[in-house]
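Please look over the sequence and the 3D structure shown below. A short briefing follows, grouped by topic.

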Amino acid sequence: MPSIFAYQSSEVDWCESNFQHSELVAEFYNTFSNVSFFIFGPLIMFLMHPYAQKRSRAIYGISALFMVIGLFSMYFHMTLSFLGQLLDEISILWLLASGYSVWLPRCYFPKFIQGSRYYFSCLVITTTMISTFLTFVKPTVNAYALNSIAIHILYIVHKEYKNFGVSCPPCIRIGCEAEKDLESLFLLPPGRTNRTRNGDLRHLIEVSVILWATALTSWISDRVLCSFWQRIHFSYLHSIWHVLISITFPYGMATMALMDANYEMPGQTLKVHYWPRDSWFIGLPYVEIQDNDKSC
């Protein structure tokens, strides 16, 4: 049995031909497409700094985990080692767990938690630790299991998408009796006046879902239709997945921050901005928080 550190010791092999461009790099494009994680990770950490200071400094940890995923994914695709595969998948698992702990609305907590985010975080950590050990049981299904978590996230986003814009969402009543108070929670930056305030969150949700669906299609196509892509000499879909999912992350992060503020930060104003400029058609979304003088 080969060492877990050995090249190609993993049972998972992607569609890209191995060692085509270097004797040291198994999958060249799948390896270096992870550079986008090292670009967006520090940028998100910098742009979300004011938000993290007021909401939760765990945001820094989530951004760091995002970069760790890029590092471990690069190592995995460079070596196709069993250790690289596990490090890649486990880091994704802990990133998802961190996001759940910080942003999941309390109304989706199990009833026995009684709305306590501390106890919910403990439950998430315990479950994630157990899941971490389970990744060794059947490593070939880990990636599918991780992608299936997106079904629950989509369910929550869909419910919030439908509920957002009512004066007091049914998830948690925040005490605002006037709809204008809730609407003032989300303000558009200059250059985006063509969207309504509620429409800005809807835009983020829609773009996030489209990006994720496109990325997932690339991932599945690389696994299921590999022979076809190899026949036409285009076996780069998994590297496209890396780029698309790294772009999806900041959109998803901004989306969850807005939905979370709807319940957790009713007394403050969230402003949506886009880097490098708000007026550009395409940009990297982030949020800033300002104290709101209005009282519910």
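How many salt bridges does the structure hold? The structure holds three salt bridges, a salt bridge being a side-chain nitrogen of Lys or Arg within 4 Å of a carboxyl oxygen of Asp or Glu. This is a predicted model, in which local features need pLDDT of at least 70, side-chain atom pairs count only at pLDDT 80 or more, and totals for chains, interfaces and linings use all residues. Residues are numbered from 1 along each chain as its sequence is written, and side-chain values use heavy atoms, with hydrogens and water left out.

**Overall make-up**

- The protein chain has eleven helices and three strands; helices (H or I, at least four residues) and strands (E, at least two) are DSSP runs, numbered from the N terminus.
- Along the sequence the pattern is α-α-α-α-α-α-α-α-β-α-α-α-β-β.
- Of the 296 residues in the protein chain, 52% are buried; buried means under 20% relative accessible area, exposed over 50%, and partly exposed in between (1.4 Å probe, protein chains only).

**Salt bridges**

- Side chains of opposite charge can pair when their charged atoms come close.
- Asp260 and Arg55 meet in a salt bridge through their side chains, at 2.6 Å from N to O.
- This pair links distant parts of the chain, with Asp260 in helix 11 and Arg55 in the loop between helix 3 (49-54) and helix 4 (58-79), 205 residues apart.
- Asp260 counts as buried at 1% relative accessibility, and Arg55 counts as buried at 18%.
- Arg106 and Glu264 form a salt bridge whose closest N and O atoms are 2.8 Å apart.
- Arg106 lies in the loop between helix 5 and helix 6 and Glu264 in helix 11, so this pair ties together parts that are 158 residues apart in sequence.
- Glu264 also forms a salt bridge with Arg117, where the closest N and O atoms are 3.2 Å apart.
- Salt bridges that share partners join Arg106, Arg117 and Glu264 into one network.
- Arg117 is buried, with a relative accessible area of 12%, whereas Glu264 is partly exposed at 24%.

**Helix 5 and helix 6**

- The axes of helix 5 (residues 82-103) and helix 6 (residues 117-134) come within 9 Å and cross at roughly 165°; axes are lines fitted to C-alpha atoms, for helices over the stretch in contact, and angles run from 0 to 180 degrees between N-to-C directions.
- Helix 5 and helix 6 are therefore roughly antiparallel to each other, a label for angles over 145 degrees.

**Before helix 1**

- Glu11 is in the segment before helix 1 (28-32) and is exposed, with a relative accessible area of 67%.
- Glu11 and Leu80 are 69 residues apart in sequence and 8.5 Å apart in space, C-alpha to C-alpha.

Note on methods
Angles under 35 degrees count as roughly parallel, over 145 as roughly antiparallel, 65 to 115 as roughly perpendicular and the rest as oblique.
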